[in-house]
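Here are my notes on this model, point by point. Please read them with the structure open.

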Amino acid sequence: MLAGRGLLARDGSGGERVAVVNESFVRRFASDGEVLGRRYRLPRADTAAWYTVVGVVADANASEEEHVRNDRIYVPM
């Protein structure tokens, strides 16, 4: 965790929709670098839902051979 908090077990229980994002997401969607507490709409097949960002994590490579970093958002299942 670089900022905020991670996802908790209670986050997926029908309350406020929350998410953790990576550094690339912050660079792409927040010119001021501040995302904690902001809401972003995530397109989904069934609905376009809003999520409040509660944490930021470091970028991670998809594989050891691939050095491309993409913005990511993690939500509770």
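1. The protein has one helix and five strands. Helices (H or I, at least four residues) and strands (E, at least two) are DSSP runs, numbered from the N terminus. Along the sequence the pattern reads β-β-α-β-β-β.

2. On provenance: this is a predicted model, where local features need pLDDT of at least 70, side-chain atom pairs count only at pLDDT 80 or more, and totals for chains, interfaces and linings use all residues. Residues are numbered from 1 along each chain as its sequence is written, and side-chain values use heavy atoms, with hydrogens and water left out.

3. Overall burial: 30% of the 77 residues count as buried. Buried means under 20% relative accessible area (1.4 Å probe, protein chains only). The protein exposes about 5300 Å², and carbon and sulfur atoms supply 49% of that. Areas come from the Shrake-Rupley method with a 1.4 Å probe; for residues, only the protein chains shown count as cover.

4. Asp-11 sits in the loop between β1 (3–4) and β2 (18–22). Asp-11 is buried, at 8% relative accessible area. Its side chain makes a polar contact of 2.8 Å with the side chain of Arg-5. A polar contact is a pair of N or O atoms within 3.5 Å; within protein, one must be able to donate a hydrogen and the other to accept it, and residues adjacent in sequence count only if both atoms are side-chain atoms.

5. Asp-59 lies in the loop between β4 (49–57) and β5 (73–74). Asp-59 is also buried, at 11%. The side chains of Asp-59 and Asn-22 are joined by a polar contact of 3.0 Å.

Notes. Buried means under 20% relative accessible area, exposed over 50%, partly exposed in between (1.4 Å probe, protein chains only).
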